[in-house]
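I am opening my notebook on a new structure. I will go through its contacts, its charged pairs and its cores, entry by entry.

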Amino acid sequence: MRYAVLSDIHGNLEALNSVMEHLISERIDRYFCLGDVVGYGANPSECLNRLIEVEALIVAGNHDYACLGKLQISWFNDAARAAVTWTRNQLGFTELDSLRRLPLTATEGAFTLVHGSLKYPQRFEYLHDAAQAIDSIRVCRTQICLVGHTHVPAIFSSDNNKVDYLEGPKIRVDSERRYVINSGSVGQPRDGDPRASYAIYDDEEPTVEIKRVEYDVKKAQEKILRAGLPARLAYRLSEGR
């Protein structure tokens, strides 16, 4: 099977649409989403519904939780708080109910899905490096742990003695090793590359590949500004920060 791994879409419909268009030719069998479908961007409902259309398995992110009142907005910076408040007011009962049903973690086949660290999913901790990856690997009951939250793509691999950071964008998966894979952010990359980031996992080869896709950044920015959201949320899209 071929899996599309998406994360941190953040209401950016232009980025999501570009990714989904590219995935048409990729023969995808299953879609995973690692949380933060909403927040920051101007099309939260449309992004959520697009994922529901393809029957994606979705776990909750901190922005998804905040829109439901399950996470205090004092946890966020000023721009993020404004985005949470705005997003909450845009979502209808159906969308809020869909977010409310999202689990913090999910397991399917060889994969465990979580937004932040698997050790304490409810804390939405950032997983930046190999030292942090080992904590999730130790509690993960599957070979592969899929994470998001940092908005930076990364692949970590463990042989139970140490954890290595693997240089991509495409790596072959060893059945004797365990992995933490961050697909990066579809809607708000923060690694200096403004292109939408996602991953494809092919369990027949088996390989995982981080992919990047151009999208209409200017249109996404214009929507954010017209909505009255903080200007910084628009400008950072062209910076990839």
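Which residues is Val37 in contact with, leaving aside its neighbours within four places in sequence? I looked them up: Ile9, His10, Gly11, Cys47, Leu48, Leu51, Ile58 and Asp64. Contact here means heavy atoms within 4.5 Å.

**Ground rules.** I noted that this is a predicted model, where local features need pLDDT of at least 70, side-chain atom pairs count only at pLDDT 80 or more, and totals for chains, interfaces and linings use all residues. Residues are numbered from 1 along each chain as its sequence is written, and side-chain values use heavy atoms, with hydrogens and water left out.

**Cores.** Next I looked for nonpolar cores. Such a core is a set of buried Ala, Val, Leu, Ile, Met, Phe, Trp, Tyr and Cys residues joined through side-chain atoms within 4.5 Å. Buried means under 20% relative accessible area, exposed means over 50%, and partly exposed is in between (1.4 Å probe, protein chains only). The largest core has 50 residues. Val37 is among those with the most contacts inside it, along with Leu6, Leu23, Leu51 and Val186. Helix α1 gives the most to this core, with 6 residues. Another core lies apart from it, with 20 residues, including Val5, Phe32, Leu57 and Ile210.

**Helix α1.** I then turned to α1 itself. Helices (H or I, at least four residues) and strands (E, at least two) are DSSP runs, numbered from the N terminus. Of the 11 residues of α1, 8 are buried. They are Leu13, Glu14, Ala15, Leu16, Ser18, Val19, Met20 and Leu23. What do they pack against? I found strands β1 (2–6), β2 (30–33), β11 (196–202) and β12 (207–213), and helices α2 (44–53) and α7. Asn12 caps the N-terminal end of α1. One of its side-chain oxygens lies 3.4 Å from the backbone nitrogen of Glu14.

**Salt bridges.** Side chains of opposite charge can pair when their charged atoms come close. A salt bridge is a side-chain nitrogen of Lys or Arg within 4 Å of a carboxyl oxygen of Asp or Glu. How many does the structure hold? It holds 17.

I looked up one between Lys223 and Glu14, at 2.6 Å from N to O. Lys223 lies in helix α7 (residues 217–226) and Glu14 in helix α1 (residues 13–23), so the pair ties together parts that are 209 residues apart in sequence. Are the two partners buried or exposed? Lys223 is buried at 16% relative accessible area, and Glu14 is buried at 10%.

Asp78 pairs with Arg81, with the closest N and O atoms 2.1 Å apart. Both lie in helix α4 (residues 78–90), 3 residues apart, about one turn of the helix. Asp78 is exposed at 58%, while Arg81 is partly exposed at 26%.

Asp97 forms a salt bridge with Arg101, at 2.9 Å between the closest N and O atoms. I also noted a network of salt bridges that links Arg2, Glu26, Asp202 and Lys211.

**Ser117.** Where is Ser117? It sits in the loop between β5 (111–114) and α6 (130–139). Ser117 is buried, at 6%. Its side chain has a polar contact of 3.4 Å with the side chain of Ser136. A polar contact is a pair of N or O atoms within 3.5 Å; within protein, one must be able to donate a hydrogen and the other to accept it, and residues adjacent in sequence count only if both atoms are side-chain atoms. A polar atom of the Ser117 side chain also lies 3.2 Å from the backbone nitrogen of Lys119.
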